[in-house]
Amino acid sequence: ASERLSLEQSQGAESAAAAWRALANTVTPKRGETRLQAWIRVLHAGYVRAPLGLGRALPQVEVALSAEQLELVRLAIGHLRNGASLDSVSLPAFVYQDRSLLQRLGDLGLSSPYLASIKQIDSAPRRMVAVVQWVLHVLNINAMDGALLRLPLTPLPGEVHRELFALPRPTDDDTSLPGSPPLVTHFVAEHLGSSPHATGFYMTNRDAGFVANGSLVFDSVYKGWCIEGGPSSASVIDLMFLAHSEVYTVTLPLMRATGLPLGSVAVDYVGEASVVCPSSGLAATLNFESRGLFGGSFHNVSGRVVEVVSSEAEREREREREGDGERGDDELPVTPGGERTGPDSPPRGKTLFTLSGKWNDSVRVERDVGEGGGDSEAWELDVSNATILAMAANMERYGAADDNCAEFESAKVWRETVTAL
């Protein structure tokens with residue numbers, strides 16, 4: 001894309017198109033190789049095709065332990081006190097996946113086709129709903145094929161991981177030409193420290209119009225009847241859509257595993273997730289509720305999309321008031337959900353949509369008509385992996401080749417451990 005842009009600037013779009021077609025004609029697939037694979041071989045030497053890693057549409061979130069497995073788990077955690085961290089606990093081998101946490105984070109690239117489609121949405125509120133759907137997709141991808149039931153290998157400080165995700169360029173893309181190269185999502189992650197466990201990642205596909213930058217801090221706590229862990233409140237993901245000049249700041253819920261002492265383990269998300277977009281003045285909150293100790297149901301999620309600040313003029317007035325040092329009841333701090341944080345403060349901001357359903361299946365979205373009335377509107381979001389499965393059908397995944405893999409890359413760091421497992 002950069003090469004084509006420079007050609008357009010120096011020679012004009014028509015000459016650039018001719019030069020691009022000439023380049024495309026030199027990319028000849030080898031025997032048994034698709035044109036997509038040929039482009040990756042030419043443009044991204046040192047990468048080899050890897051399994052896509054998409055599992056079933058509905059994630060597996062429950063498992064029954066055998067008597068031997070249950071005994072091993074009890075031996076491992078039986079001495080822990082309530083509130084203890086699991087960092088120093090040696091767990092049995094069957095608990096672990098055959099990949100590092102950084103490699104598991106690489107699964108975020110599977111959502112590339114969905115993220116590429118969001119730029120086509122013109123309405124800011126609908127884009128916010130789409131980003132909320134992406135958050136739920138991420139949680140489902142994280143739960144593919146029982147991944148929530150098994151722990152990834154804990155990365156070492158300085159460990160890195162990189163991947164490519166290639167998808168064909170849409171035929172209606174303005175930059176599409178005969179033989180054009182694929183849209184490529186680059187993903188790279190690094191483990192930054194171990195007390196607490198902190199990981200940063202960067203995922204970009206500027207050609208498709210999105211960039212994601214994440215800083216995740218992981219923790220795990222034993223609570224007697226359950227174990228809670230995952231990204232802490234200090235974790236944040238910034239998702240940028242270049243066509244709309246918008247940045248969405250995302251926080252994620254915790255994971256809770258229950259039933260360990262009884263041998264029937266169920267994993268669910270609990271707590272709150274949020275999405276905030278300052279440039280559009282929109283925010284969303286999602287509340288994840290799981291079954292309690294004595295009853296209830298799993299996988300519940302509810303939330304709403306709120307117009308926190310309705311117009312640029314109102315934001316300008318707020319900036320002027322802050323500059324004058326004024327802060328009345330109307331200017332109390334606002335949470336992502338749109339509530340003032342002062343005592344007995346009523347909700348601030350207009351609720352646009354409400355959401356409710358199951359995070360591992362479908363969520364119903366209803367437009368809030370409010371006191372002013374108006375036409376009601378409702379639809380279902382398929383937040384299972386079925387949408388991702390369909391959109392990623394033509395996508396291919398690539399990892400660093402063995403001879404192009406540095407000593408501190410995940411594939412090489414954990415090779416002997418994975419073989420032993």
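In which strand is Asp 238 found? Asp 238 lies in strand 10 (residues 236-241), where strands (E, at least two residues) are DSSP runs numbered from the N terminus. This is a predicted model, in which local features need pLDDT of at least 70 and side-chain atom pairs count only at pLDDT 80 or more, while totals for chains, interfaces and linings use all residues. Residues are numbered from 1 along each chain as its sequence is written, and side-chain values use heavy atoms, with hydrogens and water left out.

Although Asp 238 and Ala 212 are 26 residues apart in sequence, their C-alpha atoms are 5.6 Å apart in space.

Each of these residues has a side-chain polar contact, meaning a pair of N or O atoms within 3.5 Å; within protein, one must be able to donate a hydrogen and the other to accept it, and residues adjacent in sequence count only if both atoms are side-chain atoms.

| Residue | Partner | Polar contact |
|---|---|---|
| Thr 199 | His 191 | 2.8 Å |
| Asp 238 | Thr 249 | 3.1 Å |

Further along, strand 15 (residues 300-307) runs antiparallel to strand 16 (residues 350-358), joined by 8 bridges, and two strands pair if DSSP finds at least two bridges between them. Strand 16 also pairs in the antiparallel sense with strand 17 (residues 362-367) over 5 bridges, and a hairpin through 3 residues joins strand 16 to strand 17.

Conventions
Helix = DSSP H or I, 4+ residues; strand = E, 2+ residues; numbered from the N terminus.
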